[in-house]
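Visitor: I am new to this structure. Please show me how to read it.

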Amino acid sequence: MGTAVAVPANPFIQAESTPQTTFDTLSPVEGETLQAIVARLIPTDAHGPGAIEAQATYYIDQALSNALVASRQLYADGLASIDAYARSSRGRVFRELQSEDQDAILKEMEDNSASGFMPDSSSVFEMIRSHTIEGTFSDPYYGGNANFIGWDLIGYPGVRTVVTPRQQRIDSTPRPVHRSAYDFGRFVKEVLNRGR
């Protein structure tokens, strides 16, 4: 059973995908803090949608009850430490800060100059950064990269089982194939327990 968290309407989310709006593993506060972090790590900007639209937060949430279950406590402690550091250094929890202050905190974490983290702030930063990248650009089968937003953002045309000579030309831009690798018969699907 998940906890409802409001997700604002987003022009980048296509109609064929229903955005996830509840967290299965994270608490509402953890989810909101993580949403604010991933929004700054891969932001929505003039180049297109970012980690929020790709549903990276929900990818992490789902993975914390499956492949990343060993990291669940690290996330609980890390997100609480981020809010504590934001409150002590900027007067508010992370999700309530302006984007400039959020970016400064993330930079301090990355540089390992933020205090109050176990084992240290750069380890927490790298864990969240790495999982945000996975949730934005991995195969959608795993719960992120909604509507192939991540693949489209970097120009990845998608999985190909056959490539024609014309598609291999340097001056050719292949048409995107919006299919999971697991939609092809050559790949075996794992059964994912998504807490539902």
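Guide: Start with burial. Buried means under 20% relative accessible area, exposed over 50%, partly exposed in between (1.4 Å probe, protein chains only). Of the 196 residues in the protein chain, 43% count as buried. This is a predicted model: local features need pLDDT of at least 70, side-chain atom pairs count only at pLDDT 80 or more, and totals for chains, interfaces and linings use all residues. Residues are numbered from 1 along each chain as its sequence is written, and side-chain values use heavy atoms, leaving out hydrogens and water.

Visitor: Which pattern does the protein chain follow along the sequence?

Guide: Helices (H or I, at least four residues) and strands (E, at least two) are DSSP runs, numbered from the N terminus. Here the pattern is β-β-α-α-α-α-α-α.

Visitor: What is a nonpolar core?

Guide: A set of buried Ala, Val, Leu, Ile, Met, Phe, Trp, Tyr and Cys residues joined through side-chain atoms within 4.5 Å. The largest one has 31 residues. Leu 34, Tyr 75 and Phe 94 are among those touching the most other members. Helices H1 (28-41) and H5 (121-137) are among the elements giving two or more residues to this core.

Visitor: How do H3 and H4 pack?

Guide: Two packed helices are described by the angle between their axes and the distance between the axes. Axes are lines fitted to C-alpha atoms, for helices over the stretch in contact, and angles run from 0 to 180 degrees between N-to-C directions. H3 and H4 pack at about 115°, with axes 11 Å apart. Contact means heavy atoms within 4.5 Å. Ile 82 and Tyr 85 are among the H3 residues at this meeting, and H4 brings residues including Ile 105 and Met 109.
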